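Biologist: Could you walk me through this one slowly, please? I would like to start with the ligand and then move on to the strands.

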Amino acid sequence: MAGRLTRRWSPSLLQVLRFPVVQLHMSRTAMRASEKDFENARNQLKLLTKDPGNEVKLKLYALYKQATEGPCNTPKPSMLDFINKAKWDAWNALGSLPKETARQNYVDLVSSLSPSSESSSQVKPAAANEKQPGSENIIVTSQDGITKIMFNRPTKKNAITTSMYKEIIHALKAASTDNSAITVFTGNGDYYSSGNDLTNFTDVPPNSIEETAKNASILLREFVDAFIDFPKPLVAVINGPAVGIVVTLLGLFDVVYASDKATFHTPFSELGQSPEGCASYTFPKIMGPAKAAEMLIFGKKLTAGEACARGLVTEVFPESTFQKEVWTRLKAYAKLPTNSLRISKELIRSNEKEKLHAVNAEESTVLQGRWLSEECMNALMNFVSRKSKL
Ligand SMILES: CCCCCC/C=C/C(=O)SCCNC(=O)CCNC(=O)[C@H](O)C(C)(C)COP(=O)(O)OP(=O)(O)OC[C@H]1O[C@@H](n2cnc3c(N)ncnc32)[C@H](O)[C@@H]1OP(=O)(O)O
């Protein structure tokens, strides 16, 4: 189901983005709190023997620039200057990501590339930290009692590909048995996630459409089941706009913190689709049927404040202090007795589990039918031919 539209790097780009990324110049002023980690990460990068690929190198470049210089501040290169354009795009995609977060993300990304760095983790390295082929679109780190699962495809607004669904299922299974107390989802760049990668369905030969829809429905069900069954407190740190399945899943999270620049959008009707992630059950419970219908049927986009007023979000923070406040709080929560956290979650959620699994099964079956509908196919084609955007 991988999209035919996926951009492939040309050989000249491969040559120019030579590894390691040593030609970058560091601004001393940016090195404050994470100076040592950042410096270590730069050194680790030089020691890597395996080329991590251009996509990762672009991410490293962008994070480095953001960490040292802040948001992209140079003129957009021309379309023909495609190497500098790719670098500029990667940097620009980070939007207003704070320097401090960029430094941390840089350190996390380098850490995910280097097996030896996992020993710096303060908890038992989870199986999810073992590098999976192609797993750089999901970065899993464990530190301070927190397993962090980060959508890491900022140039595509963190849209979720088929392989990312599988990696997340794997990461959740590993996190359920690692030594961390809580598990946190967040996004890299300006978006939390734009939801399902719409090109997952656009490269399917006509005679495989039904089989593809069936496989996607099975994968969706398994994916959502992994959230329903997750035994530890599950926290969403919503750093920016959230669309589709990453919004519906929030009903299965225990705590949701949002930046005030986040938005929450479930445009299922517009896409010829229908709700998933158990939202057809959790949303009416959380916000009442009338408010849930406005989101799930009519696709009303909510601000973070509105989502908080409706009970979907726990608390909203100003963007300027969001990362600092949220991570400080989560680090404190992660020091609470682990078994107690788990048992309290079990008490809150266990009565619902059977119902949630049934809802998930039903929603996945209904969606399988929707994906085969003309309404849905037209919507997907409109997106890939850029006739439609939210
Ligand atoms: C196993 C299967 C399970 C399926 C479960 C069912 C799930 C359903 C859903 O999640 S429904 C929600 C689907 N998402 C969308 O409809 C969002 C589509 N994207 C957009 O409308 C816009 O891209 C945007 C509003 C999110 C952002 O707009 P803008 O700021 O103008 O950025 P760009 O559009 O230029 O985006 C940059 C870059 O990212 C690509 N991209 C963004 N979102 C997606 C996506 N969901 N799927 C695929 N690609 C996406 C976009 O095409 C651009 O790529 P390019 O630079 O052109 O190569």
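Modeller: Let me begin with a term: a polar contact is a pair of N or O atoms within 3.5 Å, and within protein one atom must be able to donate a hydrogen and the other to accept it, while residues adjacent in sequence count only if both atoms are side-chain atoms. With that in hand, a backbone N or O atom of Thr 155 lies 3.5 Å from an oxygen atom of the ligand. Please keep in mind that this is a predicted model, in which local features need pLDDT of at least 70 and side-chain atom pairs count only at pLDDT 80 or more, whereas totals for chains, interfaces and linings use all residues. Residues are numbered from 1 along each chain as its sequence is written, and side-chain values use heavy atoms, with hydrogens and water left out.

Biologist: Okay, and how far is the backbone N or O atom of Ser 194 from a nitrogen atom of the ligand?

Modeller: For Ser 194 that distance is 2.8 Å, and a polar backbone atom of Ile 245 is 3.0 Å from an oxygen atom of the ligand. The protein buries 84% of the 1,100 Å² that the ligand exposes when taken alone, with areas from the Shrake-Rupley method and a 1.4 Å probe (for residues, only the protein chains shown count as cover).

Biologist: How many residues surround the ligand?

Modeller: There are 27 of them, and the closest are Lys 156, Ser 194, Asn 196, Leu 198 and Arg 386; a residue counts as near if one of its heavy atoms lies within 4 Å. The shell divides into 14 nonpolar, six polar and seven charged residues, where Ala, Val, Leu, Ile, Met, Phe, Trp, Tyr, Cys and Pro count as nonpolar, Asp, Glu, Lys and Arg as charged, and the others, Gly among them, as polar.

Biologist: Which helix gives the most to that shell?

Modeller: That is α7, residues 209–228, with three residues. Helices (H or I, at least four residues) and strands (E, at least two) are DSSP runs, numbered from the N terminus.

Biologist: Switching to strands, is β2 mostly covered or exposed?

Modeller: Strand β2, residues 146–151, is mostly covered, since six of its six residues are buried, meaning under 20% relative accessible area, with exposed over 50% and partly exposed in between (1.4 Å probe, protein chains only). Ile 146, Lys 148 and Met 150 point one way from β2, while Thr 147, Ile 149 and Phe 151 point the other way.

Biologist: And what does β2 pair with?

Modeller: Two strands pair if DSSP finds at least two bridges between them. Strand β1 (residues 138–143) runs antiparallel to β2, joined by six bridges, and Gln 143 has Ile 146 as its bridge partner. These two strands form a hairpin with two residues between them, and Asp 144 in the turn has a positive phi of about 55 degrees.

Biologist: Where are Lys 157 and Cys 278 found?

Modeller: Lys 157 is in the loop between β2 and α6, and its phi is near 55 degrees, a positive value in a residue other than glycine. Cys 278 lies in the loop between β7 and α9, with a positive phi near 70 degrees.

Biologist: Why is Lys 157 called partly exposed, and Cys 278 buried?

Modeller: Lys 157 is called partly exposed because its relative accessible area is 32%, and Cys 278 is called buried because its relative accessible area is 0%.
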